[in-house]
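Visitor: Could you take a close look at the salt bridges, and tell me how many the count comes to? I would also like to see where they sit within the rest of the chain.

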Amino acid sequence: MLIIGLIGSLASGKHFIADIFRKKHGFIALEYKDFKSQKQDAAKECLEKVKEAWPKNIVVIGIDSLKTLTKMRDNPQFFGIGVEGPVILRFQRRKHAILDSLEKFVQVDDFLQFGVKSHESDFEKLLVRLHLEDEDLSPLNKCMDSCDLRLIINTNDQADLESKIEKLLTVESKAQQLTTTHLLCPNWDVYFSMVAWITASHGNCVRHRVGCIIADTDQRIVAAGYNGTPDNIKKCDQGGCERCWDMSIDSGERLDECICIHGEESALLEAGRRQCCGATLYVTHSPCRQCSKKIAQSGIKRVVYSQEYSSGLERVRKLFKEAGIELVKQELQTVPRLIKLI
């Protein structure tokens, strides 16, 4: 079972997407506003309806309460999609007798997105006419932050949108169910790449924050590392590395003067050669030439990276090819950041 929650602003395309889920993939579509009108616990009522439909797949349209969204996220089958689009396109798409001008549309859109009310004298009346005076209404930008995926619809091309949704629902074999799609269960490369990005948050280098994970053939993490100065030495971001603090030195140059340990080096030192043999190394940025030599010597057989480091990738690629190491670039839809927006 898969529960898709669609969160989006005015005329963003929520119903457009829901129709594709319903018509092309057999989902049952539920309107969140129908549960709000019952003046009950909307999240509870909605989840009860979902249970009744078990094990059929559900798409819930127009969730606009952070409280409800938080409750629904407790269900492991829930996946929130934030739907966005350019204001002018959404206004042109919206055929509404009340929001008959771009100014009114933007005023209401700002209220829904950020909770900002217009100073126009009749704005409160406008909200009442649109049934938007609900106390449980949350700013959509807060709800969007809780989404697993943000989908931007900047076209009315249905074929293009159907193709994107088809990819979202792709399973690796006919024996799998929709619950095993990469929406709810990413493949190992995506999973470990995301862990590497979270590991990078501990890095203290002022040039880059790099994280690295080494996983064995049984998909178990054997080591993790991040870049920064060695233990018991002043951290790089506190002035510990003179080379990193000299901004006249370009990225990748004069690395012999840098005292920071790279993320790959840190992970390799922790793991040791015995645990590296045949393993896969996941790193946020493609390895530099110095690290690539150590990776080849360690017995690593596969390297997966997300972003390209500016220094010598082609030379690294050539070295890995000769050493029999597979080099893979893993595209991530979102890069995990341990930052709370206020």
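Guide: What follows begins with the model and its domains, goes on to the salt bridges, and ends with a strand and a sheet.

This is a predicted model, in which local features need pLDDT of at least 70 and side-chain atom pairs count only at pLDDT 80 or more, while totals for chains, interfaces and linings use all residues. Residues are numbered from 1 along each chain as its sequence is written, and side-chain values use heavy atoms, with hydrogens and water left out.

The protein chain is divided into domain 1 (3-174) and domain 2 (188-329), with bounds that come from an automatic or database domain assignment. Between the C-alpha centres of these two domains the distance is 40 Å.

Your count comes to 17 salt bridges, where a salt bridge is a side-chain nitrogen of Lys or Arg within 4 Å of a carboxyl oxygen of Asp or Glu. One of them joins Lys-51 to Glu-48, whose closest N and O atoms are 4.0 Å apart. Both residues belong to helix α3 (residues 42-53), and because they are 3 residues apart there, about one helical turn separates them; helices here are DSSP runs (H or I, at least four residues) and strands likewise (E, at least two), numbered from the N terminus. Lys-51 counts as exposed, at 57% relative accessibility, whereas Glu-48, at 36%, counts as partly exposed; for these words, buried means under 20% relative accessible area, exposed over 50%, and partly exposed in between (1.4 Å probe, protein chains only).

A second example is the pair Arg-317 and Glu-314, with 3.5 Å between the closest N and O atoms. These two residues lie in helix α15 (residues 313-323), and because they are 3 residues apart, they too are separated by about one helical turn. Here Glu-314 is exposed, with a relative accessible area of 57%, while Arg-317 is partly exposed at 33%.

Arg-150 also forms a salt bridge, in this case with Asp-145, and the closest N and O atoms of that pair are 3.7 Å apart. At 40% relative accessibility Arg-150 counts as partly exposed, and Asp-145 is partly exposed as well, with a relative accessible area of 44%.

Leaving aside neighbours within four places in sequence, Ile-3 has contacts (heavy atoms within 4.5 Å) with several residues, including Val-50, Ile-58, Met-72 and Phe-79. The C-alpha atom of Ile-3 is 9.8 Å from that of Arg-73, although the two residues are 70 residues apart along the chain.

Finally, there is an open sheet of 5 strands in the order β7-β6-β8-β9-β10, with mixed pairing, where two strands pair if DSSP finds at least two bridges between them. The edge strands, each pairing on one side only, are β7 (221-226) and β10 (326-329). Within the sheet, strand β6 (residues 211-215) pairs with strand β8 (residues 280-285) in the antiparallel sense over 4 bridges, and Cys-212 stands opposite Val-283 in β8.
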